[in-house]
Amino acid sequence: MSDVWVFGYGSLIWRPDFPFEEARVATVAGWGRRFWQGSTDHRGVPGAPGRVVTLIKDPQSVCWGKAYLISAESREEVIDHLDYREKGGYSLHQTEMTFLGGPQECADGLIYIATPGNPNWLGDAPMPEIAAQVRASEGPSGLNTEYVTELARALSEMGADDPHVFDLARHVARAGRDDQA
Ligand code: SIN
């Protein structure tokens, strides 16, 4: 087995819990990030799912994320670990990534995507409804609001623009202020 890149665009950006050789900011073209996947094992529970990100095909979009280089020696163990972590509807796919900065510009990588029709798929909803669901949800990995705010923080640190994520983060923060008023 050889080294392999894994591209993360959700919690894998800000909570990598596996050994890697190198991490690089990268993009994948033709995919848009959306809070359209239900989470019953991390940020919600069965019967009261939270909302987490997946990717939808969108020729106009470029999705920013973090690419991790996994060594050949730890590849099997890391992929087993990630298959378990991402078991709530995600399947493993291959993608071409473009690195931002550095010598090598492109590489193939692995990516976890929750495709429409998986058992936890929620799909689109008006932004205030998505925000309300996020504010109401909590699961074994913690509050759903933390997932949104950590993702928005990590993306802005990377210099990424993602209107869907930043809009949701604003809605979630605004609803929090209203609750305190
Ligand atoms: C990812 O981060 O790449 C997959 C979705 C998630 O675990 O939040």
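Is Cys 63 buried or exposed? In this predicted model, Cys 63 is buried, with a relative accessible area of 2%.

Strand 1 covers residues 4-8 and strand 3 covers residues 50-70. These two strands pair in the antiparallel sense over five bridges.

In soluble globular proteins, nonpolar side chains tend to be buried together. The largest nonpolar core here has 51 residues. Those that touch the most other members are Tyr 9, Phe 35, Leu 55, Met 97, Leu 151, Leu 155 and Leu 168. Strand 3 gives the most to this core, contributing eight residues.

The surroundings of Leu 151 can be listed in detail. Leaving aside residues up to four places away in sequence, Leu 151 touches Tyr 9, Gly 10, Ile 13, Trp 14, Arg 33, Phe 35, Val 53 and Val 165.

## A buried glutamine

Gln 37 is located in strand 2. This residue counts as buried because its relative accessibility is 0%, and the cut-off for that class is under 20%. The side chain of Gln 37 reaches the backbone oxygen of Gly 88 at a distance of 2.9 Å.

## The cysteines

How many disulfides does a search of the whole structure find? The search finds zero. For Cys 63, the closest cysteine sulfur is that of Cys 106, and the 15 Å between the two sulfur atoms is too far for a bond. A disulfide would require the sulfur atoms to lie within 2.5 Å. Seen from Cys 106, the closest cysteine sulfur is in Cys 63, so the separation of 15 Å is again too far for a bond.

The two residues also have their own values of accessibility. Cys 63 is buried at 2% relative accessible area, whereas Cys 106 is partly exposed, with a relative accessible area of 39%.

Conventions
Residues are numbered from 1 along each chain as its sequence is written. This is a predicted model: local features need pLDDT of at least 70, side-chain atom pairs count only at pLDDT 80 or more; totals for chains, interfaces and linings use all residues. Side-chain values use heavy atoms; hydrogens and water are left out. Two strands pair if DSSP finds at least two bridges between them. Helices (H or I, at least four residues) and strands (E, at least two) are DSSP runs, numbered from the N terminus. A nonpolar core is a set of buried Ala, Val, Leu, Ile, Met, Phe, Trp, Tyr and Cys residues joined through side-chain atoms within 4.5 Å. Buried means under 20% relative accessible area, exposed over 50%, partly exposed in between (1.4 Å probe, protein chains only). Contact means heavy atoms within 4.5 Å. A polar contact is a pair of N or O atoms within 3.5 Å; within protein, one must be able to donate a hydrogen and the other to accept it, and residues adjacent in sequence count only if both atoms are side-chain atoms.
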